[in-house]
Amino acid sequence: LIYCYRKPKTKRAKRFLEKREPKLKENTKNAMLIKGGNANLTVTEVLKDIYAVKKPFAVLYKKKNITRPFEDQTSLEFFSKKSDCSLFLFGSHNKKRPNNLIIGRMFDYHVLDMIELGIEKFVSLKDVKNSKCPEGTKPMLIFAGDMFDVNEEYRRLKSLLIDFFRGPSVPSIRLAGLEYVLHFTAVDGKIYMRSYKVLLKKSGCKIPRIELEDMGPSLDLVMRRTHLASDDLYKLSLKQPKALKPKKKKNISHDVFGTTYGRIHMQKQDLGKLQTRKMKGLKKRPAEKSAEDGGVRPKKSKSS
């Protein structure tokens with residue numbers, strides 16, 4: 001296979017190609033939300049609500065696309081190249097798999113892994129009349145349940161959901177900006193997705209009292225089919241360039257919160273020769289001085 005590279009003829013095309021080139025720090029991952037050829041009203045509303053949560057890092061395809069991702073992935077790869085999206089959510093509905101969602105991600109414009117989920121219960125944003133978070137709010141992600149740590153399929157689903165909803169990476173955090181929570185619970189073979197708005201109430205001290213208000217959307221999901229990448233391909237997708245890897249420095253360590261600790265090596269000090277502040281309380285007594293001289297000092301004769 002020979003790849004022919006054609007030089008861009010305009011500056012706009014050149015800028016467009018430069019944005020898609022590999023970078024040391026990649027852009028925020030965009031997601032494409034695709035409606036299948038036989039999607040019903042429930043699946044359409046789910047795609048619209050997740051698009052509202054994911055904006056502005058999402059593209060919603062309103063036209064129906066007749067495709068089956070588990071059988072043929074060429075159309076997904078075509079849409080990925082067209083919209084420059086590395087995440088996708090495909091919704092469909094049929095008699096065998098009603099209210100179906102397929103969430104997945106791409107690597108080098110090819111499907112890396114995808115998981116099929118069935119919708120058993122859905123509460124939309126419109127059904128909950130509480131106030132909403134502004135568009136583009138970065139959510140806090142919470143995962144509850146042992147299955148996310150024990151089962152390999154659930155572990156990969158957790159990684160997928162983090163990739164899908166994490167949003168842009170930020171250098172600092174503002175307390176008032178922590179106002180949106182996405183909670184995922186895995187129990188009894190089901191995955192419960194809940195959305196909450198964080199309310200900071202007065203508590204009479206510096207730390208505010210925190211309350212969670214249901215905001216929507218809410219989904220009760222069940223796992224169906226999975227298409228997971230091999231361990232070698234998954235490790236290759238996680239590979240980082242050498243320029244981003246932190247250089248090892250002697251006697252410097254970091255904890256999980258990013259705090260830097262340094263270790264200092266000093267020679268053993270003789271505390272007896274340590275210079276201290278001159279004060280009466282630190283003066284040596286005559287008995288201590290005589291002990292240092294090795295005997296009793298002679299008495300001074302009285303002068304006539």
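Q: Exposed means over 50% relative accessible area. Why does D108 count as exposed?
A: This is a predicted model, and in it D108 has a relative accessibility of 56%. The cut-off is over 50%, so D108 is exposed.

Q: Why is Y109 called partly exposed?
A: The relative accessible area of Y109 is 25%. Partly exposed covers values between the buried limit of 20% and the exposed limit of 50%, so Y109 is partly exposed. Y109 also belongs to the loop between β4 and β5. Its phi is positive too, near 60 degrees, again in a residue other than glycine.

Q: How do you know that S92 is buried?
A: S92 has a relative accessible area of 9%. Buried means under 20%, therefore S92 is buried. S92 lies in strand β3 (residues 87-92).

Q: Which residues is S92 in contact with, leaving aside its neighbours within four places in sequence?
A: The contacts of S92 are N38, A39, V43, N99 and N100. Each has heavy atoms within 4.5 Å of S92.

Q: Why is C85 called buried?
A: C85 has a relative accessible area of 2%. The limit is under 20%, so C85 is buried.

Q: Why is C133 called buried?
A: The value for C133 is 16%. That is still under 20%, so C133 is buried.

Q: How many disulfides does the structure hold?
A: The structure holds 0 disulfides. A disulfide would need a pair of cysteine sulfur atoms within 2.5 Å.

Q: What span does helix α5 reach, and what is expected?
A: Helix α5 (residues 152-165) has 14 residues. From first C-alpha to last it reaches 20 Å, close to the 20 Å expected at 1.5 Å a residue.

Q: What lies at the start of α5?
A: A side-chain oxygen of N151 comes to within 2.8 Å of the backbone nitrogen of E153. A polar contact requires N or O atoms within 3.5 Å, and this pair meets that limit. Just after α5, G167 has a positive phi of about 75 degrees.

Q: Which residues touch the most other members of the largest nonpolar core?
A: I103 and F165 do, among the 35 residues of that core. Helix α5 gives the most to this core, with 6 residues. Apart from it lies another core, of 12 residues, including F88, F90, I102 and M114. The buried residues of α5 include L157, L160, L161 and F164. I103 touches these residues as well as, among others, F88 and M114.

Q: How do you know that β5 and β10 pair?
A: The two strands are joined by 8 bridges. Pairing needs at least two, so β5 (residues 110-123) and β10 (residues 218-227) pair, and they run antiparallel. K121 stands opposite D220 in β10.

Q: What joins β8 to β10?
A: Strand β8 (residues 190-201) pairs with β10 over 4 bridges, in the antiparallel sense. K190 stands opposite V222 in β10.

Q: What is the omega of the cis peptide bond from K55 to P56?
A: Omega is near 5 degrees for the K55 to P56 bond. P56 is in the loop between α2 (41-54) and β2 (58-65).

Q: What is omega for the cis bond that joins G216 and P217?
A: Omega is about 0 degrees there. P217 is in the loop between β9 (209-214) and β10.

Technical notes: Residues are numbered from 1 along each chain as its sequence is written. This is a predicted model: local features need pLDDT of at least 70, side-chain atom pairs count only at pLDDT 80 or more; totals for chains, interfaces and linings use all residues. Side-chain values use heavy atoms; hydrogens and water are left out. Buried means under 20% relative accessible area, exposed over 50%, partly exposed in between (1.4 Å probe, protein chains only). The expected span of a helix is 1.5 Å times one less than its number of residues. A polar contact is a pair of N or O atoms within 3.5 Å; within protein, one must be able to donate a hydrogen and the other to accept it, and residues adjacent in sequence count only if both atoms are side-chain atoms. A nonpolar core is a set of buried Ala, Val, Leu, Ile, Met, Phe, Trp, Tyr and Cys residues joined through side-chain atoms within 4.5 Å.
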